[in-house]
Amino acid sequence: VFIWNKINEWKRRRVAEEDNDEDRIEDRMNVSDVSIDLDDEPLEIVKSFCYLGDVTGSCGGCSDAITARLRSAWKNFCDLLPILTDRAISLQGIGYAYSSCIRSVMLYACQTWATNVEDVNRLKRNEYAMLRWICHVRIVDRISTEELRRRLSLKPLEDVIRWARLR
């Protein structure tokens, strides 16, 4: 019950943060002055567009796509939580399951993202939260993320993204 309360609390915070982000984007853009016509018919102007799970925002960039991928990854993480936190399974096996079921969802189509430092840090923060949860480690335990990745036999996130771009 405690874990599910924490998950719901985290979700409420993320939704509030995303609402604030959308308000800031609307403040920067004034799309009411723009009109696009195709064959003398006006096209609808939207803030974001989702196609096959990938999201493109009106401001460009990949932050909307990353937000969508993180939501999907957290959904899968919560669905697999009983398996990922089972102490009877080896950490290497859990790391393999994490890599194939959650990290692959989180980084789907990452080779097309034009990431900046903020985007990569957001991905890393989310991954580190998941890794700490899997390994039953709290932040106050002062165990480095490199150590957690070593326990789970995972490569660094930046290396996985770089490898996907080079394929």
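This is a predicted model: local features need pLDDT of at least 70, side-chain atom pairs count only at pLDDT 80 or more; totals for chains, interfaces and linings use all residues.
Residues are numbered from 1 along each chain as its sequence is written. Local features need pLDDT of at least 70, side-chain atom pairs count only at pLDDT 80 or more, and totals for chains, interfaces and linings use all residues, while side-chain values use heavy atoms, without hydrogens and water.

The chain has 7 helices and 4 strands. Both are DSSP runs numbered from the N terminus: helices are H or I with at least four residues, strands E with at least two. Along the sequence, the order is α-β-β-β-β-α-α-α-α-α-α. Of the 167 residues, 30% are buried. Buried means under 20% relative accessible area, exposed means over 50%, and partly exposed lies in between (1.4 Å probe, protein chains only). Among contacts with a separation of 6 or more, 64% join residues 24 or more positions apart. Contact means heavy atoms within 4.5 Å. The accessible surface of the chain is about 11,300 Å², and carbon and sulfur atoms hold 53% of it. Such areas come from the Shrake-Rupley method with a 1.4 Å probe; for residues, only the protein chains shown count as cover.

The whole structure contains 3 aromatic pairs. One of them joins Trp74 and Phe77 edge-to-face, with 5.3 Å between centres and 80° between planes. Rings of Phe, Tyr and Trp (its six-membered ring) pair if their centres lie within 6.5 Å; planes under 30 degrees apart are stacked, over 60 edge-to-face, and the rest tilted. Trp74 and Phe77 both belong to helix α2 (residues 63-79). They sit 3 residues apart, about one turn of the helix. Trp74 counts as buried because its relative accessibility is 7%. Phe77 is also buried, at 0%.

Helix α5 (residues 117-134) meets helix α7 (residues 157-166): their axes come within 10 Å and cross at roughly 125°. Axes are lines fitted to C-alpha atoms, for helices over the stretch in contact, and angles run from 0 to 180 degrees between N-to-C directions. α5 and α7 are therefore oblique to each other. Angles under 35 degrees are roughly parallel, over 145 roughly antiparallel, 65 to 115 roughly perpendicular, and the rest oblique. Val120, Leu123, Lys124 and Glu127 of α5 touch Leu157, Glu158 and Ile161 of α7 across this contact.

Glu158 lies in helix α7. At 26% relative accessibility, Glu158 is partly exposed. Beyond residues up to four places away in sequence, Glu158 touches Val120 and Lys124. Glu158 and Val120 are 38 residues apart in sequence, yet 7.8 Å apart in space, C-alpha to C-alpha.
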